Amino acid sequence: KWHMPEPYPSDGIPGFEVLNKTSRQRKLAHDVDEATMNAAIEYLQRPHEKPFLLVASFINPHDICLLAGEDSPLFEDVRERYKAPAEAELPPLPANFAPPAGGPDKKVRLHEAWDETQWRRYRYAYYRMVEDVDRQVGQLMDALRKAGLEENTIVVFTSDHGEGLGCHRWTGKMMFYEEEVAVPLVVSWKGVTPAGRIDRQHLVSTVDVLPTICDYAGVKPPDVVRGRSLRGVIEKPDQPGAECVFSEMAAAGMGGAGRSFMARTTKYKYMTFPQPREGRFEMLFDLEADPGEMKNLAGEAGLAGELERHRKLLAEWNQATEETACPIQTN
């Protein structure tokens with residue numbers, strides 16, 4: 001499970017090429033990422049007679065997962081590379097280190113045996129991994145400039161998921177707290193997209209990335225794509241965005257058989273999880289008043305309308321995506 005299969009298939013796509021064939025087996029993410037960076041830089045240095053799509057997928061900071069479970073064959077390697085030189089240099093615990101009020105009774109991924117110093121060492125290692133991949137991305141961007149491609153290349157930077165990082169005593173993904181579900185999304189085209197602007201108003205999802213790239217490239221996206229191009233709100237930020245974005249997990253982060261879901265609107269976040277013999281467990285957070293997600297409001301009588309609204313939004317999404325494994329019931 002630590003290496004890519006051989007040979008590297010093209011899946012019948014004309015012009016498709018796997019640039020980095022470095023095996024993951026017995027290698028830290030840093031080393032595989034270094035090979036990815038070098039292969040991508042070499043590709044940018046080639047002469048290009050027609051438009052291209054280059055995908056550089058960096059693994060780090062995913063190796064933080066190896067520190068959460070000592071059964072990994074690379075546990076000692078990653079611990080040695082990212083160990084803190086002195087306790088005084090460890091970052092503090094997050095403000096939302098405690099589990100939320102009204103959260104599930106079941107304790108999952110809480111690492112109860114860890115003391116505060118272990119949690120802080122964990123966070124230290126994560127930041128060092130981020131620094132590693134930040135340097136590698138920076139060198140790739142420098143190569144783009146040196147190749148003279150910066151002004152006619154659109155660059156999209158994003159991630160597949162976040163990391164608990166000790167917030168609510170959580171590690172890894174498999175949850176819908178902001179630390180796990182919120183990911184960076186940077187869209188940059190020198191001279192075309194507004195430089196340095198941060199948009200905190202519009203709701204976007206990674207399903208929007210493909211139609212956005214297609215829009216800028218002048219290519220019609222496949223009909224099955226559910227996202228929508230972000231070009232409109234990038235160029236005209238006063239335009240309205242999506243009412244709601246969604247996230248799904250094939251397995252429940254807090255136990256139970258079935259699927260878990262999140263519906264996120266501008267102010268609220270709704271989560272629903274299966275529980276054995278107890279139906280579904282729901283959580284509702286007011287992200288404006290409670291950005292750390294410290295109080296579950298799903299049982300508040302005054303928010304019954306918002307709870308029902310988010311249930312219905314999720315039910316509509318489940319219907320649109322032909323979800324049958326775990327239908328959501330509305331009142």
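Cys65 is partly exposed, at 31% relative accessibility, whereas Cys167 is buried, at 6%. This is a predicted model, and its count of disulfides comes to zero. As background, a disulfide is a covalent bond between the sulfur atoms of two cysteines.

**The nonpolar cores**

- The largest nonpolar core has 16 residues, and Ile64, Leu67, Val78, Tyr82, Tyr122, Ala125 and Met129 touch the most other members.
- Two elements, helix 2 (75–81) and helix 3 (116–146), each give two or more residues to this core.
- Helix 3 supplies the largest share of this core, with five residues.
- Setting aside residues up to four places away in sequence, Ile64 touches Tyr122, Ala125, Tyr126, Met129 and Glu163.
- There is also a second, separate core of 13 residues, and Phe246, Leu284, Leu297 and Leu314 are among them.
- In soluble globular proteins, nonpolar side chains tend to be buried together.

- Start with strand 4 (260–264), which pairs with strand 5 in the antiparallel sense over four bridges.
- A hairpin of three residues takes the chain from strand 4 to strand 5.
- Strand 5 runs over residues 268–275 and is mostly covered, with seven of its eight residues buried.
- In a regular strand, the side chains alternate between the two faces of the sheet.

- Met249 sits in strand 3, which covers residues 245–249.
- Is Met249 buried or exposed? Met249 counts as buried because its relative accessibility is 7%, and the cut-off for buried is under 20%.
- Beyond its neighbours within four places in sequence, Met249 is in contact with Met174, Met175, Phe176, Arg259, Ser260 and Phe273.
- Take Phe176 from that list: Met249 and Phe176 are 73 residues apart along the chain, yet their C-alpha atoms are separated by 9.2 Å.
- Arg259, another of those contacts, lies in the loop between strand 3 and strand 4.
- Arg259 counts as buried as well, with a relative accessibility of 17%.
- The side chains of Arg259 and Glu248 are joined by a polar contact of 2.5 Å.

**Around Gly164**

- Look for Gly164 in the loop between strand 1 (155–158) and helix 4 (178–181).
- Gly164 has a relative accessible area of 0%, so it is buried.
- Which residues does Gly164 touch, not counting residues up to four places away in sequence? They are Trp170, Thr171, Gly172, Glu179 and Glu180.
- The C-alpha atoms of Gly164 and Glu180 are separated by 5.5 Å, although the two residues are 16 residues apart along the chain.

**Backbone details to check**

- Between Asn60 and Pro61 the peptide bond is cis, with omega near 10°.
- Pro61 belongs to the loop between helix 1 (29–44) and helix 2.
- Arg169 has phi near 60°, a positive value in a residue other than glycine.
- You can find Arg169 in the loop between strand 1 and helix 4, where Arg169 counts as partly exposed at 28% relative accessibility.
- Glu293 also has a positive phi, near 55°, and is likewise a residue other than glycine.
- Where is Glu293? Glu293 is in the loop between strand 6 (279–286) and helix 7 (304–320).
- With a relative accessible area of 0%, Glu293 is buried.

Definitions and conventions
Residues are numbered from 1 along each chain as its sequence is written. This is a predicted model: local features need pLDDT of at least 70, side-chain atom pairs count only at pLDDT 80 or more; totals for chains, interfaces and linings use all residues. Side-chain values use heavy atoms; hydrogens and water are left out. Buried means under 20% relative accessible area, exposed over 50%, partly exposed in between (1.4 Å probe, protein chains only). Contact means heavy atoms within 4.5 Å. A disulfide is a pair of cysteine sulfur atoms within 2.5 Å. A nonpolar core is a set of buried Ala, Val, Leu, Ile, Met, Phe, Trp, Tyr and Cys residues joined through side-chain atoms within 4.5 Å. A polar contact is a pair of N or O atoms within 3.5 Å; within protein, one must be able to donate a hydrogen and the other to accept it, and residues adjacent in sequence count only if both atoms are side-chain atoms. Two strands pair if DSSP finds at least two bridges between them.
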